[in-house]
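Please look over the sequence and the 3D model below.

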Amino acid sequence: MWPEALPGSTRLNAGTATKVALNIISTGAMAQSGYIYQGHMVKMRPSNIKLRARAERMVQGLARCSEEVAHRLLVATDYDIPTALLMARHDVDVATAHAHYLNHDCQLHSAMEEVPSS
């Protein structure tokens with residue numbers, strides 16, 4: 001258990017417990033919905049410089065490619081991380097990778113395992 005921020009305050013402990021419980025529930029929901037792949041939140045929309053840099057590091061690590069290749073893949077997909085990862089994994093174009101992803105109900109785990117048909 002975590003130490004209380006203000007000793008003697010049961011209200012703060014209840015708030016902390018509630019926050020932890022809600023974090024567990026929301027993380028589980030994200031995982032079930034296919035938002036997470038190998039511990040990374042792959043369905044985020046990189047809408048600023050910081051998130052785009054994070055997306056590039058994510059693709060670089062998961063696809064085991066260079067920084068330049070990760071950047072190129074993400075630019076080609078308008079920063080759609082799952083499509084970029086499928087392009088890297090299966091060496092296919094944007095349209096094929098995106099269609100393959102949709103055919104797998106936007107579940108990256110299953111899409112990564114099966115090679116897309118041309």
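## The largest pocket

The largest pocket has a volume of about 170 Å³. A pocket here is an open set of points on a 1 Å grid over the protein atoms alone, where a 1.4 Å probe fits, with protein on both sides within 12 Å along at least five of seven lines. Volume is the space filled by probe spheres set on the points, which are joined across faces, edges and corners.

Lining residues have an atom within 4 Å of a point. They are Y37, Q38, G61, L62, A63, R64, L85, A88, R89 and M112. Six are nonpolar, two polar and two charged. In this scheme Ala, Val, Leu, Ile, Met, Phe, Trp, Tyr, Cys and Pro are nonpolar, Asp, Glu, Lys and Arg are charged, and the others, Gly among them, are polar. Helix 2 (49-63) and helix 4 each supply at least two lining residues. Helices are DSSP runs (H or I, at least four residues), strands likewise (E, at least two), numbered from the N terminus.

## Basis of the model

This is a predicted model, in which local features need pLDDT of at least 70, side-chain atom pairs count only at pLDDT 80 or more, and totals for chains, interfaces and linings use all residues. Residues are numbered from 1 along each chain, and side-chain values use heavy atoms, without hydrogens and water.

## Positive phi in two loops

R64 has a positive phi of about 50° although it is not a glycine. It sits in the loop between helix 2 and helix 3. R64 is exposed, at 77% relative accessible area. Exposed means over 50%, buried under 20%, and partly exposed in between (1.4 Å probe, protein chains only).

Y79 also is a residue other than glycine with a positive phi, near 65°. Its place is the loop between helix 3 and helix 4. Y79 is buried, with a relative accessible area of 6%.

D78 and R45 form it, at 3.9 Å, N to O. D78 is in the loop between helix 3 and helix 4, and R45 in the loop between strand 2 (40-41) and helix 2, so the pair ties together parts 33 residues apart in sequence. D78 is exposed at 52%, and R45 at 51%.

D80 lies in the loop between helix 3 (67-76) and helix 4 (81-90). Beyond its neighbours within four places in sequence, D80 is in contact (heavy atoms within 4.5 Å) with R45, L74 and H98.

Definitions and conventions. A salt bridge is a side-chain nitrogen of Lys or Arg within 4 Å of a carboxyl oxygen of Asp or Glu.
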